[in-house]
Amino acid sequence: MIKTFLLAVGLLFVSVNSWAQTPEEYNTSQYFETIKQDKNKKKLTEFLYAMPKGGDLHSHLTGSSLAENMLEYAKDDVLCVNQKTFSLSEDLSCTKENRLAYVKQNPVLVDKLIDSWSMRNFRPGKESSHDHFFAAFGKFYPISKKYTAEILSEIIERAGSQNEIYLELMVSPDGGAAGLLGKKVGWHADFAMMREKLLQAGIVDVAKEISTKISEDEKKASSLLQCGKTAEKKGCQITVRYLYQSKREQSPEQVFAQLLVGFEAASRDSRLVGVNLVQPEDGPVSMRDYDLHMEMIGFLHRLYPKVNVSLHAGELAAGLVPNDGLGVHIGKAVRVAQADRIGHGVDVAHEKQAEQLLDELAKKSILVEINLSSNAAILDVKGPAHPLPLYMRYKVPVTLSTDDEGILRANLTEQYNLAVKDYHFSYQEVKTLVRNSIAYSFLPGQSLWDDKNYQQMNAACAKDRIMLNRISLSCENFLLANEKANMQWKLEKQFSKFERRF
């Protein structure tokens, strides 16, 4: 274990290999260093807001809507509010004073509701920040399950305003149908037999319904954003892909059924690029069945090798679980489930043989999705206690993501602001974090880059690098054939335009 080493790293970060910069890059880097010294940080915030930010690879759709917006979506719905917990229900027998429409007329109650549905104004007391965060999802569930298209349009528009070009959203488009099917079929410890029973019971039909639901939501979101019209809103050009999320705090038969439908759906619909596990990693069922869940995913990953896996692993901190509950989750996610990416990875310093694991993550190019606001709010892990500098020291690829923008009341610009403030990153390091968000995305095709330092482009486009607005036929054909490379080219064009300002 290297707990003491993490503290020793503190604010230390290791510079990336030096390389020749373009004049525009150099000037931008020099300007960036000057505004980092600005005490009020206004210029830094403006810089990071305008900076291209690539993609957000770790974002839950249902946790990304602001409470105020959800109230607007449900303005005509008959919903009941528990004025102690501020949880919603569809109980039509509740009194007039407990109807959502009535509560919305009382500013004091609205403020309490927003605080209950988010981390706004939260102060730990009888309820921990961890419990307050995870409880929020259930409180507004009657809205989030009904207005997925509206929430999708909200996320896309916000991402557009943040100068993002790509999103991978974690979703559950089947509305729990897979889990119910698993419960009906029952548990069988033989994964192959369990899978066969679910296939016979109609799991493929659920996978097809997932595609239909995504199509419906995308069509409505596009309409809400007025895409293709004169008054189209920001975000219409953003590419959106999805990760099917299985709920880990359920019975084994339900978890397996959800994972299977995720793999099936992703193997049939290119918009679904992978699977993930959600719900508290420290939950009693999550802890009890963690090894079993990793084995399930490993089994299915071998059957569906083209389907990607990103796993919440190591979203834990000392005191949240017993000591023997720390130090194994990230390693098992990588070695047993064969995860392609890791979400959070906060407790890596507690891992047994942590240095070996960090070297393995670097060697295998397994990216860690870093969620600074989330880790600070939920786990109280921030600043020098956060493993971000540790990952970078071991050359593990990382990028910044938002997790749950609505509940956390945060955005992607804020994540970069926190990273620069706490770890004093250079512009080139920040740019690498952004580039990583596309390079390690689950978009198909080859990368635009032949090296991890983003210095050598693929031979088809190498001669086109300086004149990014003029493209050769060989490069054009390469980009058309490789969606990931095409997205990376788009990002480089954005950076070129941005850096010319300085």
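How do α2 and α3 lie relative to each other: roughly parallel, roughly perpendicular or oblique? Hello everyone, let's start there. Helix α2 (residues 23-35) and helix α3 (residues 42-50) pack at an angle of about 140°, with axes 8 Å apart. They are therefore oblique to each other.

A quick word on the background. This is a predicted model, where local features need pLDDT of at least 70 and side-chain atom pairs count only at pLDDT 80 or more, while totals for chains, interfaces and linings use all residues. Residues are numbered from 1 along each chain as its sequence is written, and side-chain values use heavy atoms, with hydrogens and water left out.

Now the terms. Helices are DSSP runs of H or I, at least four residues, numbered from the N terminus. Axes are lines fitted to C-alpha atoms over the stretch in contact, and angles run from 0 to 180 degrees between N-to-C directions. Under 35 degrees counts as roughly parallel, over 145 as roughly antiparallel, 65 to 115 as roughly perpendicular, and the rest as oblique.

Back to our pair. On the α2 side, Thr28, Tyr31, Phe32 and Ile35 make the contact (heavy atoms within 4.5 Å), and on the α3 side it is Lys43, Leu44, Phe47 and Leu48.

Helix α2 has another partner, α22 (residues 427-439). Their axes come within 9 Å and cross at roughly 110°, so α2 and α22 are roughly perpendicular to each other. Here Glu25, Thr28, Ser29, Phe32 and Glu33 of α2 meet Tyr427, Gln428, Val430, Lys431 and Arg435 of α22.

Next, please look at α9 (residues 148-161) and α12 (residues 203-224), which pack at about 55° with their axes 8 Å apart. That makes them oblique to each other. Among the residues that meet are Glu150 and Leu152 in α9, and Lys213 and Asp217 in α12.

Is Glu68 buried, partly exposed or exposed? Glu68 is partly exposed, at a relative accessible area of 32%; buried means under 20%, exposed over 50%, and partly exposed in between, with a 1.4 Å probe and protein chains only. Leaving aside residues up to four places away in sequence, Glu68 touches Ile114, Arg120 and Arg409. The side chains of Glu68 and Arg409 are joined by a polar contact of 2.8 Å, meaning a pair of N or O atoms within 3.5 Å, where one must be able to donate a hydrogen and the other to accept it.

Conventions: Helices (H or I, at least four residues) and strands (E, at least two) are DSSP runs, numbered from the N terminus.
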